[in-house]
Amino acid sequence: MKRFARHIIAALCVAASWLNAGAVEYNYEKLNYEIVYQWGMIWKHAADASLSIRKTPDGYYSQLVGKTRSWADKIYTVRDTIKCTIKDNKAPLKYEKLTHEKNYHARDVINFTYNYSHTSATCTRYREGRQPSSIQLSAKCQAYDMVSVFYMLRDLNFAQMTTSKPITTIIFSGKEKEQLTIRFKGKKNVKLRDGSKHESYLITFKFTQEGGKKSSDDIDAYISTDAHRTPLLLVGKLPVGEVKCYYKN
């Protein structure tokens, strides 16, 4: 379940990369989402999330904040924050995730270093009452974290993507190295919680571990076809039901 939550975060961030597709310079923007769980005919607005980014003298700072609503706090409290420092060329420098999920508290920090086309990272986990634990990850390419990956994808020409040619990249997540495969599925109509209907591009996110084993079920993302390329809806399957992240205007 925790890994699936991380994948929803990554999909949300990657989907956001197609806002105003092209070589984008950010000053400041903020996107808000409602996270809804569906079990058959039962729909419950369980959490909210916001994704923001601002320019800094040395690059960019991005932050993703998620929290459960008051009724859901009584069942399973979630207060997660991810902070990312990113270079001007869109490569990540530091990823920090502060996790508060019910009685579980943790702080994960990933520091990136580069040697030509190779990426290395020191991943350290801090937990109360325990000694910090660290591991080293590496990739023979530019690697990203769960948030900064969307900066690399921001410059792609989304309109020219085809259903036959997926995009792949490497993600360092906590203490794991995963491959993210993004596949374009064509145009679809989507309806938001406010009743508005939009034409969208449908893309699918697939996460796999080394060896090709799937890390979780695929996640579908619906991106508006207008000039804003707004991530309108993300849908992921749970063992029972689905989780849906709706854009809130």
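Here is a short tour of this predicted model, with something to select at each stop.

**Before you start.** Residue numbers run from 1 along each chain as its sequence is written. As this is a predicted model, local features need pLDDT of at least 70 and side-chain atom pairs count only at pLDDT 80 or more, while totals for chains, interfaces and linings use all residues; side-chain values use heavy atoms, leaving out hydrogens and water.

**The whole chain.** You'll find three helices and 15 strands (DSSP runs numbered from the N terminus: H or I of at least four residues for helices, E of at least two for strands). Of the 249 residues, 49% are buried, meaning under 20% relative accessible area with a 1.4 Å probe, protein chains only. Now for contacts (heavy atoms within 4.5 Å): among those in the chain with a separation of 6 or more, 47% link residues 24 or more positions apart.

**Strand β5.** Select residues 92–101, then pick out E96. E96 counts as buried, at 14% relative accessibility. Show side chains and look for R107: a polar contact of 2.7 Å joins its side chain to that of E96. (A polar contact is a pair of N or O atoms within 3.5 Å; within protein, one must be able to donate a hydrogen and the other to accept it, and residues adjacent in sequence count only if both atoms are side-chain atoms.) Beyond residues up to four places away in sequence, E96 also touches others, including T81, I82 and K83.

**Strand β6.** Next, select residues 104–115 and zoom in on I110. Its relative accessible area is 0%, so I110 is buried. A121 is eleven residues along from I110, and their C-alphas are 6.3 Å apart. Setting aside neighbours within four places in sequence, the contacts of I110 include Y95, A121 and F172.

**The cores.** Select Y95, I110, F172, L180, I203 and F205, which have the most contacts inside the largest nonpolar core, a set of 41 residues. A second, separate core has nine residues, among them V190, L192, Y222 and L232. (A nonpolar core is a set of buried Ala, Val, Leu, Ile, Met, Phe, Trp, Tyr and Cys residues joined through side-chain atoms within 4.5 Å.)

**Last stop.** Select L192, D194, Y247, K248 and N249: of the 15 residues lining the second largest pocket, these lie nearest its centre. The lining divides into four nonpolar, six polar and five charged residues.

Note on methods: On a 1 Å grid over the protein atoms alone, a cavity is a set of points where a 1.4 Å probe fits but cannot get out, and a pocket is an open set with protein on both sides within 12 Å along at least five of seven lines; lining residues have an atom within 4 Å of a point. Ala, Val, Leu, Ile, Met, Phe, Trp, Tyr, Cys and Pro count as nonpolar, Asp, Glu, Lys and Arg as charged, and the others, Gly among them, as polar. Buried means under 20% relative accessible area, exposed over 50%, partly exposed in between (1.4 Å probe, protein chains only).
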